[in-house]
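My notes are below, in the order in which I looked.

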Amino acid sequence: MKILGISGSLRKGSFNTALLRACGPLMPQGAELEIGSIAGIPLYDGDVEAAQGIPAVVESLKRKIIQADGLLLVTPEYNNSMPGVLKNAVDWLSRPPADIAKVFGGRPVALMGASPGGFGTILSQNAWLAVLRTLGTRTWFGGKMMVSRAGGVFNEGGELTDATIRAQVQKYLAGFVAFIQG
Ligand SMILES: Cc1cc2nc3c(=O)[nH]c(=O)nc-3n(C[C@H](O)[C@H](O)[C@H](O)COP(=O)(O)O)c2cc1C
(Lines give C-alpha, C1' and ligand atoms only; values in the text may rest on other atoms or scores of the structure.)
Protein backbone atom coordinates (compact mmCIF):
# COMPACT_ATOMS: atom_id res chain seq x y z
CA MET A 1 0.00 0.00 0.00
CA LYS A 2 1.54 3.24 -1.09
CA ILE A 3 0.29 6.75 -0.49
CA LEU A 4 1.67 9.63 -2.52
CA GLY A 5 1.79 12.86 -0.53
CA ILE A 6 2.10 16.29 -2.11
CA SER A 7 2.62 19.56 -0.26
CA GLY A 8 1.14 22.70 -1.74
CA SER A 9 3.94 24.96 -0.56
CA LEU A 10 7.28 25.54 -2.26
CA ARG A 11 9.08 27.27 0.57
CA LYS A 12 11.81 25.46 2.48
CA GLY A 13 10.40 26.26 5.91
CA SER A 14 6.86 25.27 4.94
CA PHE A 15 4.62 24.03 7.75
CA ASN A 16 2.67 21.99 5.23
CA THR A 17 5.76 20.25 3.88
CA ALA A 18 6.84 19.65 7.49
CA LEU A 19 3.42 18.11 8.20
CA LEU A 20 3.76 15.88 5.14
CA ARG A 21 7.23 14.74 6.20
CA ALA A 22 5.92 13.96 9.68
CA CYS A 23 3.38 11.59 8.11
CA GLY A 24 6.04 9.10 6.92
CA PRO A 25 6.88 7.55 10.29
CA LEU A 26 3.26 7.85 11.43
CA MET A 27 1.85 5.66 8.65
CA PRO A 28 0.11 2.47 9.76
CA GLN A 29 1.93 -0.82 9.37
CA GLY A 30 1.94 -2.10 5.81
CA ALA A 31 1.55 1.34 4.29
CA GLU A 32 4.30 3.63 3.08
CA LEU A 33 4.40 7.29 2.15
CA GLU A 34 6.11 8.54 -0.96
CA ILE A 35 6.66 12.28 -1.15
CA GLY A 36 5.93 13.93 -4.48
CA SER A 37 6.65 17.53 -5.37
CA ILE A 38 5.13 20.34 -7.40
CA ALA A 39 8.48 22.15 -7.64
CA GLY A 40 9.38 23.12 -11.20
CA ILE A 41 5.86 22.83 -12.63
CA PRO A 42 5.40 25.81 -14.96
CA LEU A 43 2.30 27.98 -15.06
CA TYR A 44 -0.36 26.28 -17.14
CA ASP A 45 -0.37 27.67 -20.68
CA GLY A 46 -2.55 26.07 -23.34
CA ASP A 47 -0.19 27.28 -26.06
CA VAL A 48 2.75 25.52 -24.42
CA GLU A 49 0.63 22.37 -24.09
CA ALA A 50 -0.39 22.54 -27.77
CA ALA A 51 3.18 23.12 -28.97
CA GLN A 52 5.19 20.97 -26.57
CA GLY A 53 2.74 18.66 -24.82
CA ILE A 54 2.72 17.91 -21.12
CA PRO A 55 5.94 18.98 -19.33
CA ALA A 56 8.15 16.09 -18.18
CA VAL A 57 7.86 17.19 -14.54
CA VAL A 58 4.06 16.89 -14.80
CA GLU A 59 4.20 13.51 -16.59
CA SER A 60 6.47 12.21 -13.85
CA LEU A 61 4.06 13.32 -11.10
CA LYS A 62 1.11 11.86 -13.04
CA ARG A 63 2.89 8.50 -13.14
CA LYS A 64 3.55 8.63 -9.41
CA ILE A 65 -0.13 9.32 -8.71
CA ILE A 66 -1.21 6.46 -11.00
CA GLN A 67 1.16 4.06 -9.25
CA ALA A 68 -0.03 5.03 -5.76
CA ASP A 69 -3.03 3.56 -3.94
CA GLY A 70 -4.01 6.94 -2.56
CA LEU A 71 -3.20 10.63 -2.77
CA LEU A 72 -2.63 12.88 0.25
CA LEU A 73 -2.81 16.60 -0.48
CA VAL A 74 -1.30 18.79 2.23
CA THR A 75 -2.59 22.20 1.42
CA PRO A 76 -1.87 25.67 2.73
CA GLU A 77 -4.66 28.23 2.78
CA TYR A 78 -4.27 31.47 0.84
CA ASN A 79 -6.95 34.15 0.98
CA ASN A 80 -9.50 31.69 2.32
CA SER A 81 -8.93 29.26 -0.55
CA MET A 82 -6.35 26.90 -2.02
CA PRO A 83 -2.90 28.16 -3.05
CA GLY A 84 -2.51 28.92 -6.74
CA VAL A 85 0.67 26.87 -7.07
CA LEU A 86 -1.07 23.67 -6.01
CA LYS A 87 -4.18 24.39 -8.09
CA ASN A 88 -1.91 25.09 -11.07
CA ALA A 89 -0.19 21.75 -10.53
CA VAL A 90 -3.52 19.91 -10.36
CA ASP A 91 -4.67 21.73 -13.49
CA TRP A 92 -1.62 20.46 -15.39
CA LEU A 93 -2.13 16.99 -13.89
CA SER A 94 -5.66 17.01 -15.32
CA ARG A 95 -4.35 17.34 -18.89
CA PRO A 96 -5.13 15.92 -21.35
CA PRO A 97 -8.76 15.37 -20.29
CA ALA A 98 -8.58 11.79 -21.60
CA ASP A 99 -6.13 11.00 -18.78
CA ILE A 100 -8.30 12.35 -15.94
CA ALA A 101 -10.00 9.01 -15.31
CA LYS A 102 -6.63 7.24 -15.14
CA VAL A 103 -4.97 9.80 -12.85
CA PHE A 104 -7.86 10.90 -10.63
CA GLY A 105 -10.92 8.77 -11.36
CA GLY A 106 -11.97 6.81 -8.28
CA ARG A 107 -8.65 7.62 -6.63
CA PRO A 108 -8.76 7.82 -2.84
CA VAL A 109 -7.76 11.33 -1.77
CA ALA A 110 -7.26 12.79 1.71
CA LEU A 111 -6.68 16.42 2.62
CA MET A 112 -4.62 17.93 5.40
CA GLY A 113 -3.31 21.40 6.04
CA ALA A 114 -1.40 23.58 8.44
CA SER A 115 -1.72 27.29 9.11
CA PRO A 116 -0.19 29.65 11.63
CA GLY A 117 -3.71 31.04 12.16
CA GLY A 118 -6.56 29.63 14.16
CA PHE A 119 -8.63 27.91 11.48
CA GLY A 120 -6.18 25.30 10.22
CA THR A 121 -6.89 25.60 6.45
CA ILE A 122 -10.57 24.67 6.73
CA LEU A 123 -11.56 27.07 3.92
CA SER A 124 -8.79 25.81 1.67
CA GLN A 125 -9.84 22.21 2.29
CA ASN A 126 -13.45 23.13 1.53
CA ALA A 127 -12.36 24.84 -1.69
CA TRP A 128 -10.58 21.68 -2.82
CA LEU A 129 -13.77 19.65 -2.61
CA ALA A 130 -15.25 21.15 -5.77
CA VAL A 131 -12.05 20.39 -7.69
CA LEU A 132 -11.80 16.84 -6.36
CA ARG A 133 -15.45 16.19 -7.21
CA THR A 134 -14.93 17.51 -10.75
CA LEU A 135 -11.97 15.16 -11.23
CA GLY A 136 -14.00 12.18 -10.02
CA THR A 137 -11.80 11.30 -7.05
CA ARG A 138 -12.95 9.15 -4.15
CA THR A 139 -12.30 11.71 -1.44
CA TRP A 140 -12.24 10.47 2.15
CA PHE A 141 -14.54 12.28 4.54
CA GLY A 142 -14.07 10.05 7.56
CA GLY A 143 -11.69 12.37 9.36
CA LYS A 144 -10.40 15.92 9.48
CA MET A 145 -6.80 16.99 9.85
CA MET A 146 -6.33 20.68 10.33
CA VAL A 147 -3.27 22.03 12.12
CA SER A 148 -3.87 25.49 13.57
CA ARG A 149 -1.25 27.68 15.27
CA ALA A 150 1.39 25.76 13.31
CA GLY A 151 4.16 27.96 14.69
CA GLY A 152 3.80 26.16 18.00
CA VAL A 153 3.62 22.53 16.90
CA PHE A 154 6.85 22.16 14.87
CA ASN A 155 10.35 22.75 16.18
CA GLU A 156 12.99 24.76 14.31
CA GLY A 157 14.06 21.67 12.40
CA GLY A 158 10.51 21.24 11.09
CA GLU A 159 9.77 18.21 13.28
CA LEU A 160 6.23 17.76 14.51
CA THR A 161 6.80 17.89 18.24
CA ASP A 162 3.24 18.33 19.50
CA ALA A 163 2.18 14.93 20.89
CA THR A 164 -1.55 15.61 20.52
CA ILE A 165 -1.22 16.56 16.85
CA ARG A 166 1.07 13.58 16.21
CA ALA A 167 -1.61 11.28 17.62
CA GLN A 168 -4.26 12.99 15.47
CA VAL A 169 -2.14 12.59 12.34
CA GLN A 170 -1.51 8.92 13.11
CA LYS A 171 -5.23 8.27 13.60
CA TYR A 172 -6.10 10.19 10.45
CA LEU A 173 -3.61 8.21 8.34
CA ALA A 174 -4.85 4.91 9.76
CA GLY A 175 -8.41 5.94 8.87
CA PHE A 176 -7.44 6.87 5.34
CA VAL A 177 -5.55 3.62 4.78
CA ALA A 178 -8.49 1.60 6.15
CA PHE A 179 -10.78 3.52 3.77
CA ILE A 180 -8.56 2.54 0.83
CA GLN A 181 -8.44 -1.08 1.93
CA GLY A 182 -12.19 -1.21 2.65
C1 LIG B 1 -1.02 35.12 -0.18
C2 LIG B 1 -1.24 34.54 1.17
C3 LIG B 1 -2.53 34.46 1.66
C4 LIG B 1 -2.77 33.86 2.90
N5 LIG B 1 -4.06 33.69 3.33
C6 LIG B 1 -4.30 32.92 4.44
C7 LIG B 1 -5.63 32.54 4.79
O8 LIG B 1 -6.59 32.88 4.14
N9 LIG B 1 -5.81 31.77 5.88
C10 LIG B 1 -4.75 31.33 6.63
O11 LIG B 1 -4.97 30.60 7.60
N12 LIG B 1 -3.48 31.68 6.34
C13 LIG B 1 -3.23 32.47 5.26
N14 LIG B 1 -1.95 32.80 4.90
C15 LIG B 1 -0.86 32.40 5.80
C16 LIG B 1 -0.39 31.01 5.48
O17 LIG B 1 -1.22 30.09 6.17
C18 LIG B 1 1.05 30.88 5.94
O19 LIG B 1 1.88 31.71 5.14
C20 LIG B 1 1.53 29.43 5.90
O21 LIG B 1 2.77 29.37 6.57
C22 LIG B 1 1.65 28.94 4.46
O23 LIG B 1 1.93 27.57 4.44
P24 LIG B 1 3.43 27.00 4.44
O25 LIG B 1 4.00 27.27 5.80
O26 LIG B 1 3.25 25.53 4.19
O27 LIG B 1 4.21 27.69 3.36
C28 LIG B 1 -1.68 33.40 3.69
C29 LIG B 1 -0.37 33.53 3.18
C30 LIG B 1 -0.15 34.07 1.93
C31 LIG B 1 1.26 34.13 1.39
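Predicted model: local features only at pLDDT ≥ 70, side-chain atom pairs only at ≥ 80, totals over all residues.

These entries cover the ligand site, a helix beside it in my notes, the nonpolar cores and some backbone details.

**Entry 1: ligand shell.** I asked which residues surround the ligand. I found Ser-9, Arg-11, Ser-14, Phe-15 and Asn-16, then Pro-76, Glu-77, Tyr-78, Asn-79 and Asn-80, and finally Ser-115 and Pro-116. Sorted by class, this shell has six polar, four nonpolar and two charged residues.

Entry 2: A polar side-chain atom of Ser-14 is 2.5 Å from a ligand oxygen atom. Phe-15 takes part through its backbone, with an N or O atom 2.9 Å from an oxygen atom of the ligand. Glu-77 places a polar side-chain atom 2.9 Å from a ligand nitrogen atom. On its own the ligand has 610 Å² of accessible area, and the protein covers 69% of that.

**Entry 3: helix α1.** Ser-14 came up again here. At the start of α1, a side-chain oxygen of Ser-14 comes to within 3.0 Å of the backbone nitrogen of Asn-16. The helix spans residues 15-23, and seven of its nine residues are buried. I listed the buried ones as Asn-16, Thr-17, Ala-18, Leu-19, Leu-20, Ala-22 and Cys-23. What do they pack against? I found the strands β1 (2-7), β2 (32-36), β3 (70-74), β4 (108-114) and β6 (146-147), together with helix α7 (163-181).

**Entry 4: nonpolar cores.** I asked which residues have the most contacts inside the largest nonpolar core. They are Leu-19, Leu-72, Met-112 and Val-169, in a core of 29 residues. At least two residues of this core come from each of α1, β3, β4 and α7. Helix α7 gives the most, with seven residues.

I then followed Leu-19. Leaving out residues up to four places away in sequence, Leu-19 touches Val-74, Met-112, Gly-113, Ala-114, Val-147, Phe-154, Leu-160 and Val-169. As background, I noted that nonpolar side chains tend to be buried together in soluble globular proteins.

**Entry 5: Ala-56.** Buried or exposed, I asked of Ala-56? Ala-56 counts as exposed because its relative accessibility is 64%, above the 50% cut-off. Ala-56 lies in helix α3 (residues 56-67). From C-alpha to C-alpha, Ala-56 is 10.0 Å from Gly-40, and the two are 16 residues apart in sequence.

**Entry 6: backbone details.** For reference, most peptide bonds are trans, and most residues other than glycine have a negative phi. I looked up departures from this.

- Arg-95 and Pro-96 are joined by a cis peptide bond, with omega about -15 degrees. Pro-96 is in the loop between α4 (84-93) and α5 (100-103).
- Thr-121 has a positive phi, near 75 degrees. Thr-121 sits in the loop between β4 and α6 (122-134). Thr-121 counts as buried because its relative accessibility is 1%, under the 20% cut-off.
- Arg-149 also has a positive phi, of about 50 degrees, and is not a glycine. Arg-149 is in the loop between β6 and α7. With a relative accessible area of 55%, Arg-149 is exposed.

Methods: Residues numbered from 1 in each chain as written. Heavy atoms only, no water. Buried < 20%, exposed > 50% of the residue type's maximum accessible area, 1.4 Å probe, protein only. Helix = DSSP H or I, 4+ residues; strand = E, 2+ residues; numbered from the N terminus. Contact = heavy atoms within 4.5 Å. Polar contact = N/O pair within 3.5 Å; in protein donor to acceptor, adjacent residues only side chain to side chain. Near = heavy atom within 4 Å. Areas by Shrake-Rupley, 256 points an atom, 1.4 Å probe, with all protein chains shown as cover. Nonpolar A, V, L, I, M, F, W, Y, C, P; charged D, E, K, R; others polar. Core = buried A, V, L, I, M, F, W, Y, C linked by side-chain atoms within 4.5 Å.
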